[in-house]
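I opened this model to look up its aromatic pairs and one of its helices. My notes follow.

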Amino acid sequence: MDNEKWKVRRGENIDGVNLLFRSPGFPLSHPLLLEAKKRGIPVTSSTSYFLQHFPGKTIGITGSNGKTTCSTLIFEMLKAEFGEGGVE
C-alpha cells in the first residue's frame, strides 16, 4: 500500500481524516463518531470496506462458535470441487 495514501492513526484527533473505520464494539454515540458525522467523514467497518472493494466472490463466516469448523468444511468442499489450486 502507498504509505502516503494510508495512514493509521489512533487517538482523539480526527483532523485530516477522510475515512474512519469503526469496530463493532465502538458505540455510535462516541464523540469521535459524532464529530466525524458532523464533518461528513464516512464511517465504515473493515469488513464493509473489503466487501465493497474486493472484486471476487466471498464467503462470510460469523458467530461466536463454530467458525473454524465451518471454515474447514467449506475449504474441503472447495478443494474437492476445484483442487488445491483454488477457485479462479
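I note at the outset that the model is predicted. I began with phenylalanine 54, which is partly exposed at 37% relative accessibility. Phenylalanine 50 is also listed as partly exposed, at 42%.

I then counted the aromatic pairs and got two. In one of them, the ring centres of phenylalanine 21 and tyrosine 49 are 5.4 Å apart and the planes stand at 80 degrees, so I logged the pair as edge-to-face; the cut-off for that class is over 60 degrees. I looked up where the partners sit: phenylalanine 21 belongs to strand 1 (residues 20-21) and tyrosine 49 to helix 2 (residues 46-53), 28 residues apart, and the pair links distant parts of the chain. Phenylalanine 21 is partly exposed, with 39% relative accessibility. For tyrosine 49 I read a relative accessible area of 23%, again partly exposed.

I went back to phenylalanine 50 and phenylalanine 54, which form a stacked pair with 5.0 Å centre to centre and 15 degrees between the planes.

Next I turned to helix 1. Which residues of helix 1 are buried? I found Leu32, Leu33 and Ala36 within its span of residues 31-39. Viewed down the helix axis, the buried residues fall within an arc of 95 degrees, so they line one face of helix 1. They pack against strand 1 and strand 2 (43-44). On the other side of helix 1 I found Pro31, Lys37 and Lys38 exposed.

Last, I checked what follows helix 1: glycine 40, with a positive phi near 80 degrees.

Technical notes: Residues are numbered from 1 along each chain as its sequence is written. This is a predicted model: local features need pLDDT of at least 70, side-chain atom pairs count only at pLDDT 80 or more; totals for chains, interfaces and linings use all residues. Side-chain values use heavy atoms; hydrogens and water are left out. Rings of Phe, Tyr and Trp (its six-membered ring) pair if their centres lie within 6.5 Å; planes under 30 degrees apart count as stacked, over 60 as edge-to-face and the rest as tilted. Helices (H or I, at least four residues) and strands (E, at least two) are DSSP runs, numbered from the N terminus. Buried means under 20% relative accessible area, exposed over 50%, partly exposed in between (1.4 Å probe, protein chains only). The arc is that of the directions from the helix axis to the C-beta atoms. Contact means heavy atoms within 4.5 Å.
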